Amino acid sequence: MTEISLILFDLNGVLYLYDRDARIAQLSLATKRSPDHVKAAIWDSGFEDTGDTGALDAVGYLRGFAACLGCDLSEADWVTAQQAAVTPIAPTLALLSRIRTGVRCAVLTNNNLLVLKHFSILYPEVTGLVGARACVSAEFGARKPDADVYLKCLVRLAAAPAETLFVDDSPANVAGARAAGLVGCDYAGAEALAIELDKGGLLER
């Protein structure tokens, strides 16, 4: 493995479990719209992917979200639904505390600017480990696996692609990172990741 100075983690599927059905159920409860209606309005329509590209700021995203559903939706209800969908993957999060001194950890997730606004509330466990190095795709105007997302993120983090290890559970996103010059790692669970990080000399002994 190349000498690594930054490990860039995906969020959902790597550091947190993400249950979209639980989020839909909570939104259905808050809006009195059926789960099928919520899914069709937000996900099947492509609205959620649009939010990930940064086409809407946080205010515009929430307004558009409610418009798609055809009802009012408070920011607090949106946050509650998002919280219902995520559960920390404790063994993977624990690895961040074991990373060798001098190697930074950061997050890059396909997500919208409202997630960024509430990141520390939605993902407190990883916020405590990466601080301000939590990035969402919407900040960079595209979604993974677009090469621009990785490269613009690394400019923000002042890191070189060849010195960055990118970890994601999506093979397409890992391939995109490799195409952008990063070192890619397909996430297959905390135990397998620990082995890979140890082989690369990235864990404290």
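What follows is a short chat about this predicted model.

Student: What kind of model is this, and which pLDDT limits apply?
Tutor: It is a predicted model; local features need pLDDT of at least 70, side-chain atom pairs count only at pLDDT 80 or more, and totals for chains, interfaces and linings use all residues. Numbering starts from 1 along each chain as its sequence is written, and side-chain values use heavy atoms, with hydrogens and water left out.

Student: How many helices and strands does the chain have?
Tutor: The chain has 12 helices and seven strands. Both are DSSP runs numbered from the N terminus: helices are H or I with at least four residues, strands are E with at least two.

Student: How compact is the chain?
Tutor: Its radius of gyration is 17 Å, close to the 17 Å from the globule rule for 205 residues, so the chain is as compact as a globular protein of that length. That radius is taken over C-alpha atoms, and the rule is 2.2 Å times the number of residues to the power 0.38. Along the principal axes, the C-alpha atoms fill a box of roughly 50 × 30 × 25 Å.

Student: What share of the residues is buried?
Tutor: Of the 205 residues, 48% count as buried. Buried means under 20% relative accessible area, exposed over 50%, and partly exposed in between, with a 1.4 Å probe and protein chains only.

Student: And how much accessible surface is there?
Tutor: About 8,800 Å², with 54% of it belonging to carbon and sulfur atoms. The areas come from the Shrake-Rupley method with a 1.4 Å probe; for residues, only the protein chains shown count as cover.

Student: On to the sheet. What is the strand order?
Tutor: The order is S5-S4-S1-S6-S7, an open sheet of five strands with parallel pairing. Two strands pair if DSSP finds at least two bridges between them.

Student: Which strands stand at the edges?
Tutor: S5 (134-136) and S7 (183-186) do. Each has a single partner strand, so one side of each is left without a neighbour in the sheet. Neighbouring strands are turned by 25° against each other on average, direction ignored. Those axes are lines fitted to C-alpha atoms, for helices over the stretch in contact; angles run from 0 to 180 degrees between N-to-C directions.

Student: How is S4 paired with S5?
Tutor: S4 (residues 104-109) pairs with S5 in the parallel sense over three bridges. Leucine 108 has cysteine 135 as its bridge partner in S5, and threonine 109 stands opposite valine 136.

Student: How many bridges join S1 to S4?
Tutor: Four bridges join S1 (residues 6-9) to S4, and the two run parallel. Leucine 6 has arginine 104 as its bridge partner in S4. S4 is mostly covered, with five of its six residues buried.

Student: New topic. Which residues touch the most other members of the largest nonpolar core?
Tutor: Ile7, Leu15, Trp78 and Val126, out of 55 residues. A nonpolar core is a set of buried Ala, Val, Leu, Ile, Met, Phe, Trp, Tyr and Cys residues joined through side-chain atoms within 4.5 Å. Helix H4 (residues 58-69) gives the most to this core, with six residues. Apart from this core lies another, of 18 residues, among them Leu8 and Phe166.

Student: What does tryptophan 78 touch?
Tutor: Its contacts include Arg23, Tyr61, Phe65, Asn112 and Leu122, not counting residues up to four places away in sequence. Contact means heavy atoms within 4.5 Å.

Student: Glutamine 82: buried or exposed?
Tutor: Glutamine 82 counts as buried, at 1% relative accessibility. Glutamine 82 lies in helix H5 (residues 75-85). Among the residues it touches are Arg23, Asn111 and Tyr123, not counting residues up to four places away in sequence.

Student: What is phi at lysine 32?
Tutor: Phi there is positive, about 60°, although lysine 32 is not a glycine. Lysine 32 sits in the loop between helix H1 (20-31) and helix H2 (35-44). Lysine 32 is exposed, with a relative accessible area of 72%.

Student: And alanine 158, what is its phi?
Tutor: Near 55°, a positive value in a residue other than glycine. Alanine 158 is in the loop between H10 and strand S6 (164-168). At 67% relative accessibility, alanine 158 counts as exposed.
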